[in-house]
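Morning, everyone. I have one structure to show today, and I will keep it short. Please have a look at it on the screen before I start.

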2 protein chains.
Amino acid sequence: MTAGRPASSDPRSVRLGALRDALATADLDALLVSSLASIRWLTGFSGSSGLVVATAKELVLLTDFRYATQVESEVGGAARVVIVSQSLWTALWEVLGGMSTVQRVGFESMHLLHRDFQRLLEQGGRWQWRPTTDVLELLRERKDATEVAAIRRAIGMAEQALAVVLESLAPGLTETQVAGRLEAALRDAGSEGFPFPSIVASGERSALPHARAGDRRLAVGDLVLLDFGAIADGYCSDITRTVVLGRASPEQVDVYEIVREANARAAAAVRPGMRGMDADAVAREYIDARGFGEAFGHSLGHGIGLEVHEGPRLARTADGVLPPGAVVTIEPGIYRPGWGGIRIEDDVLLTEEGSVVLSGFRRDLLEIA
Amino acid sequence: MTAGRPASSDPRSVRLGALRDALATADLDALLVSSLASIRWLTGFSGSSGLVVATAKELVLLTDFRYATQVESEVGGAARVVIVSQSLWTALWEVLGGMSTVQRVGFESMHLLHRDFQRLLEQGGRWQWRPTTDVLELLRERKDATEVAAIRRAIGMAEQALAVVLESLAPGLTETQVAGRLEAALRDAGSEGFPFPSIVASGERSALPHARAGDRRLAVGDLVLLDFGAIADGYCSDITRTVVLGRASPEQVDVYEIVREANARAAAAVRPGMRGMDADAVAREYIDARGFGEAFGHSLGHGIGLEVHEGPRLARTADGVLPPGAVVTIEPGIYRPGWGGIRIEDDVLLTEEGSVVLSGFRRDLLEIA
């Protein structure tokens, strides 16, 4: 295999081709990639220190000596790898200097710190630097079969763990203890880690959309909201279920059913070609019509992939068109301060034939005895 | 309590005073703080969306509506809080516009993306923007009693979890399963989360300093390296122990004793006024003299606090002087490809009277039957 050129059967080869088309469209000779998620998408490298330069002819990955063994096994021939003993930036000037035809170089405005931007101006003055936004993010929205398979595995892990933790849910446990059991079950299912701090929010705390897990003890009658995910081959899942400890009150049942119906309607309606705001509106208008519009204080969903929050957005202000191949969350919720909150979140693949709900964990209201 | 002015008995009041001194020294009218860890240090706010403006007279925190309830309980009167319904940046121009004497505004070059820097230039053109580095980071290196107490709690949680997981270590478990048990035990001990992805590396994989946890199954004779931490009130611990599954070989014992002695010497020697490179040299020269200098391929340590990697650095190239009050890791290691790796990491407080090793988990070589 030629170094710096993935085999044509390798999904990375298709991704690199798409990036090269985007570079040509943007009239750039090269793109400097500093987003670690995009570096992984292009090269397979999962380390936490790296820079990539992509041109029409080359794909070069710079990383430091700590990753020498790892990068070899992860990247193989998919990129030319430069192992750096000191600063990645010093090595970057050498790599770029060896590319005689490169003049206009894009950089990722949303993934470059001001300090590093200053380096471009001060030490990289012989190139023309052009800020870009979302070049790779837009390409990454369209998942290939390899990526969808990894997300499906991550969803399977999350659902397996949820089944385990619901078995052991009991009054007197703290939210933090429940989070620990959930995370151990995620690990037992094979998860490489946790895409975000697990949320276990009970009772009144379930009304805080950004609660994590605290020292509150679960009590009979509580709503218990669990929002968490798994990671498989770098790809994330992100699901939420809300259950009741003991018997649900009529009011809990009523509000739950509104959220469940909003989730079902949006998951069925979302499809490529629709704008993110239109998908959001499906759930929001239903909840609004039932009198809880003010209580749904966040967006309907977001893309998932190598990052647990990526494009496309499903929100009131999202006028971008949803592409085929995107995997998005559908997560309507109703939050009532002092009473509690209910959210039901699924992961949905957008295909030309419509939506495919990838997460299958039951959505009826579970009363945990 | 006056809004925007913490009570004088509040540690945040002392911190704000130190920042104001630093602003005066740097001839700045204000500092725009975008580092979330520094925002938490100044105000107590732990959310993931915020900006702070600090002047000689005011401390203003901007965050979005999702955090309205949380910010009230966390910040109290320690800052003037502005709840924003749309963009934090739009609200920032209004807040700054109301500060009639502010002209020269510092920003954090290492915590501001190029995109947001462009906003300063394009929308904030009526102020003079000055890049700063490490203004708050240097202040944060000196922990106060509240912070040291939180780090001690986080260390206690980590040690409690380590004791639990070592009890259950057995051949046939995967590294990922061990990580799951460790993390559940951390949660049971009360940890708010995980400061970094737990490392469980066994056998040959223990030679990879940046391994996480994989699907390798533990076997008799393995070195098993566990590097992990807990979080208490936002403050991190970070410890490493390496054990042997079954009986240790003479070579494992020999290498272990070198690392243990390097750890002990550096932990005893490190003190305020010393440069980071001199602390690093204590361990490195000892390991080097025993013939393993090449096998200690990373730095001796780093500060811990609200971030698990913060200043000061203890490394070959760190010429900064270590301040009193810093809590640093001491983590020498020896890594031999194909054989395995050993690291022993403790958390050490630097006081005027010398070093205090805060982590007390036993350091003799444990053979797990």
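Is the crossing of helix 9 of chain A and helix 10 of chain A left-handed or right-handed? It is right-handed. Bear in mind that this is a predicted model.

Let me stay with that pair. Helix 9 of chain A covers residues 250-269, and helix 10 of chain A covers residues 276-289. Their axes come within 9 Å and cross at roughly 155 degrees. Angles over 145 degrees count as roughly antiparallel, so that is how helix 9 and helix 10 of chain A run relative to each other.

Now the residues. On the helix 9 side, the contact is made by I258(A), E261(A), A262(A), R265(A), A266(A) and A269(A). Helix 10 of chain A answers with A279(A), V282(A), A283(A), Y286(A) and I287(A). Sorted by class, this contact has nine nonpolar residues, two charged ones and no polar ones.

Next, the two chains together. On chain B, 34 residues are in contact with 35 residues of chain A. Which elements of chain B give two or more residues to that side? They are helix 3 (68-75), helix 5 (114-123) and helix 8 (175-188). Helix 8 of chain B gives the most, with ten residues. By class, the side of chain B that touches chain A has 14 polar, twelve nonpolar and eight charged residues.

Last, confidence. Chain A averages a pLDDT of 96, and 98% of its residues score at least 70. For the model as a whole, ipTM is 0.92 and pTM is 0.94. Where pLDDT is low, predicted coordinates should not be read in detail.

Definitions and conventions. Residues numbered from 1 in each chain as written. Chains lettered and ligands numbered in written order. Predicted model: local features only at pLDDT ≥ 70, side-chain atom pairs only at ≥ 80, totals over all residues. Contact = placed C-beta atoms within 7 Å. Helix = DSSP H or I, 4+ residues; strand = E, 2+ residues; numbered from the N terminus. Nonpolar A, V, L, I, M, F, W, Y, C, P; charged D, E, K, R; others polar. Axes fitted to C-alpha atoms, helices over the stretch in contact; angles between N-to-C directions. Parallel < 35°, antiparallel > 145°, perpendicular 65-115°, else oblique. Left-handed = near helix turned anticlockwise from the far one by under 90°. pLDDT = per-residue confidence, 0-100.
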